[in-house]
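Here are a few notes to read alongside the model. Have the viewer open while you go through them.

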Amino acid sequence: MSNVSGNLFVIAAPSGAGKSSLIKALLDRHDDGSMVVSVSTTTRKPRPGEVNGVHYHFVDEATFLQQVEEGNFYEWAKVFDHYYGTSRTVIEKTLADGIDVFLDIDWQGTRQVKAAYPGVHTIFILPPSTEELERRLRTRGQDSDEVIAKRMAKAHHEMSHYAEFSYLIVNEDFEDSVANLEHIVMCQRMRRSKQQIRHREVLKDLIQE
Ligand SMILES: Nc1ncnc2c1ncn2[C@@H]1O[C@H](COP(=O)(O)OP(=O)(O)OP(=O)(O)O)[C@@H](O)[C@H]1O
Ligand SMILES: Nc1nc2c(ncn2[C@@H]2O[C@H](COP(=O)(O)O)[C@@H](O)[C@H]2O)c(=O)[nH]1
């Protein structure tokens, strides 16, 4: 990917730790169109209130696998028995337009993104405890006991990958966590714009000579 000017951020966490809520809160604070969350494609069935094209692009398995064959995904993985993937063209176009992009994906997808785009900023969200994680999944009230049990059974494995990420946030107090996430994002934005100013200065000098 060349001439990329937006920043790419991956946020991963065990299911229920709060990553979608944190991304949403950050986007609500910065509603100027400078950052977006990528809408993934999935074979999972919509939860009550989930809207096709807003929360996910909901497709059947055959459609998903055809898109895999066609190379449409930037990354994809099977998570909790369902397929999930990130659209390649949307990511590349949004970044090229100078917009920061958040990917709410699992550790398998994160590995693929790191391999494709080493400049990605990776953030892992931890719950304060296993008990609190389960409480959050239950109070979210959107998954059956069976689904919650499956997600809790996979939580420790997901968390065992935390060291593959550049930043860790323990999501205990929600507002503190949003502030930490915002701090990481703003620091990376500033770094990127300083780099771009420096590149422009160097190019100007070189072209004048
Ligand atoms: N710091 C927090 N304290 C208390 N509750 C929280 C906190 N952060 C998030 N929650 C709540 O926990 C529940 C799970 O959050 P959320 O849906 O954002 O998790 P997630 O990591 O995106 O899960 P999934 O991977 O399944 O999509 C939600 O009901 C949310 O309001
Ligand atoms: N590798 C990918 N993982 C994804 C993607 N979209 C979501 N996810 C992860 O799946 C689980 C479950 O999500 P849920 O909405 O069913 O609760 C969670 O860890 C997500 O981060 C994706 O495009 N690629």
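1. Sorted by class, the shell around ligand 1 holds 3 nonpolar, 8 polar and 3 charged residues. For these classes, Ala, Val, Leu, Ile, Met, Phe, Trp, Tyr, Cys and Pro count as nonpolar, Asp, Glu, Lys and Arg as charged, and the others, Gly among them, as polar. That shell has 14 residues, with S15, G18, S20, S21 and R136 the closest; a residue is near a molecule if its C-beta atom, placed from the backbone, lies within 6 Å of it.

2. Before going further, some housekeeping: this is a predicted model, where local features need pLDDT of at least 70, side-chain atom pairs count only at pLDDT 80 or more, and totals for chains, interfaces and linings use all residues. Residues are numbered from 1 along each chain as its sequence is written, while chains are lettered from A and ligands numbered from 1 in the order in which they are written.

3. Helices (H or I, at least four residues) and strands (E, at least two) are DSSP runs, numbered from the N terminus.

4. Ligand 2 is surrounded by 15 residues, the closest being S40, A77, Y84, I105 and G109.

5. Now the packing of α1 (residues 19-29) on α7 (residues 174-208): the angle is about 65° and the axes are 10 Å apart. That makes α1 roughly perpendicular to α7, a label used for 65 to 115 degrees, with under 35 roughly parallel, over 145 roughly antiparallel and the rest oblique. From α1 the contact uses L22, A25, L26 and R29, and from α7 it uses S177, V178, L181, E182 and V185; contact requires C-beta atoms, placed from the backbone, within 7 Å. Those residues come out as 6 nonpolar, 1 polar and 2 charged.

6. α5 packs against α6 (residues 145-159) at about 150°, with axes 11 Å apart. That makes the α5 and α6 pair roughly antiparallel. The contact involves T130, L133, E134, L137 and R138 of α5 with I148, R151, M152 and A155 of α6, or 5 nonpolar, 1 polar and 3 charged residues.

7. On the annotation side, the unreviewed UniProt entry places "domain: Guanylate kinase-like" on residues 6-186. In the model, that span is 43% helix and 22% strand, and its end C-alpha atoms lie 12 Å apart.

Notes
Axes fitted to C-alpha atoms, helices over the stretch in contact; angles between N-to-C directions. Contact = placed C-beta atoms within 7 Å. UniProt positions renumbered as here; feature names shortened; annotations may be inferred.
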